[in-house]
Amino acid sequence: MSLWFSHPLFLPSLVVVVTILLWATSLLPEFITALLFFTVAMVAKIAPPDVIFGGFASSAFWLVFSGFVLGVAIRKTGLADRAARALSSRLTESWPLMVSSVVLLSYALAFVMPSNMGRIALLMPVVAAMAKRAGILDGTRAWYGLALAVGFGTFQLSATILPANVPNLVMSGAAEGSYGIHLNYLPYLLLHTPVLGWLKGGVLIALICWLFPGKPHAPRELTPPEPMSRDEKRLAWMLAVVLAMWVSESWHGIGPAWTGLAAAVITLLPRIGFINGEEFSTGVNIRTCIYVAGILGLASVVTQTGIGNAVGEALLHVMPLDPEKPFTSFLALTGITTALNFIMTANGVPALYTTLAQSFSEATQFPLLSVIMIQVLGYSTPLLPYQASPIVVAMALGRVPARAGMLLCLVLAVATYLVLLPLDYVWFNLLGKL
């Protein structure tokens with residue numbers, strides 16, 4: 001027992017496990033848990049400061065921050081309500097139609113906009129305005145369903161589009177760096193879209209309609225919309241430039257986070273921008289920014305300290321990987337990804353799993369590329385919201401309670417593993433990948 005306590009991974013593992021449990025149970029507000037993690041990790045010296053606080057230097061953190069700022073401006077200028085007016089007249093005739101339109105819009109935007117956080121930042125104020133016009137009030141179960149439709153549709157379904165999801169990019173980079181395998185856009189889309197895009201989207205829509213029922217009404221337009229104000233036009237042009245920069249990232253090399261941050265700074269400039277200091281302090285949720293930094297810092301600590309490697313190696317020896325039982329092996333590899341999701345979150349899982357893929361391939365006799373691709377179902381299906389920071393951000397923007405997010409996470413995960421995983425296995429076989 002004394003040897004166990006003296007193991008170099010004991011203290012880091014204890015800090016990580018306690019932090020995860022606090023996030024999973026919501027015993028403390030999420031941002032306080034993040035601050036507690038920073039404090040204990042620094043006092044215990046479980047990793048260097050640049051690792052513990054690495055989340056504040058990550059692009060995801062600054063995308064969250066800029067997303068909040070742009071969201072405040074979109075709402076203040078009336079641009080959100082104008083977009084909602086155009087959508088609500090056609091898409092609020094029934095609750096299934098309204099939920100479907102939000103999920104499909106979240107998914108479709110992923111084809112042209114590479115940032116999960118950016119998509120959520122643009123969509124949430126528009127969806128909120130659309131909900132208000134359809135009689136869906138803040139704080140109701142119906143509104144929670146729409147907010148979660150944005151978060152889940154944005155994160156989970158975009159996993160089928162190679163450049164539209166941070167874990168996908170981590171996986172692509174790890175595959176190229178470790179094995180020289182370059183993932184291609186169209187083969188990736190064909191492999192994952194039918195099951196994890198179309199079918200999962202349908203399941204998501206059905207579950208939201210069931211768990212978060214609502215009764216929208218089509219708004220009556222008594223007066224025609226007023227012409228766009230000067231601020232609306234200026235903001236619309238700025239957002240068009242931001243979107244163009246996001247779409248053309250591969251050409252100019254400027255990451256979405258820094259484009260978004262530049263737009264946020266312009267939005268805040270006196271006389272030039274759109275919001276003042278008071279609107280910034282009330283509209284930008286710094287609590288969520290701290291929470292996201294905590295999640296990213298935790299993932300960095302897990303990688304830096306070797307906890308992730310230790311867990312991965314242990315799972316390799318425990319899970320039933322048998323070339324004579326291909327479906328069992330497929331299920332086990334997905335289970336490994338799901339287990340890693342608890343300690344590394346979705347952004348960190350592909351970095352570790354992909355480096356272990358060669359061992360998994362030898363144990364299962366699956367092609368190496370197929371082993372790498374199997375993880376997509378696992379990391380795109382979080383069991384708890386904290387495992388996917390875009391879902392956390394959508395919940396924060398929509399003021400969705402943790403219990404509602406956890407409920408949808410768990411129910412969708414059960415449906416995915418019971419129904420979609422076997423179908424995914426069949427699809428892999430039909431394409432000759434196993």
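Predicted model: local features only at pLDDT ≥ 70, side-chain atom pairs only at ≥ 80, totals over all residues.
The space in the largest cavity comes to about 30 Å³.

What lines the largest cavity? You can find these residues in the viewer: Leu63, Val64, Gly67, Phe68, Met117, Ala121, Val393 and Leu397. Two or more lining residues come from each of α5, α8 (116–133) and α20 (389–397). Of these elements, α5 contributes the most, with 4 residues. Sorted by class, the lining has 7 nonpolar residues, 1 polar residue and no charged ones.

Now for the aromatic rings. We describe a pair of them by the distance of the centres and the angle of the planes. The count for this model is 10 aromatic pairs. One of them joins Phe53 and Phe56, with 6.4 Å from centre to centre and 35° between the planes, a tilted pair. Phe53 is partly exposed, at a relative accessible area of 32%, and Phe56 is partly exposed too, at 30%.

Next, look at Trp62 and Phe65: their ring centres are 5.6 Å apart and their planes meet at 75°, so this pair is edge-to-face, because planes over 60 degrees apart count that way. Both sit in helix α5 (residues 59–77), 3 residues apart, which puts about one helical turn between them. Are they buried or exposed? Trp62 is partly exposed, with 26% relative accessibility, whereas Phe65 is buried, with 14%.

Finally, back to Phe53 and Phe56: ring pairs link them with Phe37 and Phe38 into a cluster.

Technical notes
Residues numbered from 1 in each chain as written. Heavy atoms only, no water. Phe/Tyr/Trp six-rings, centres within 6.5 Å; stacked < 30°, edge-to-face > 60°. Buried < 20%, exposed > 50% of the residue type's maximum accessible area, 1.4 Å probe, protein only. 1 Å grid on protein atoms, 1.4 Å probe; cavity = no way out; pocket = protein on both sides within 12 Å on 5 of 7 lines; lining within 4 Å. Points joined across faces, edges and corners; volume = space filled by probe spheres on them. Nonpolar A, V, L, I, M, F, W, Y, C, P; charged D, E, K, R; others polar.
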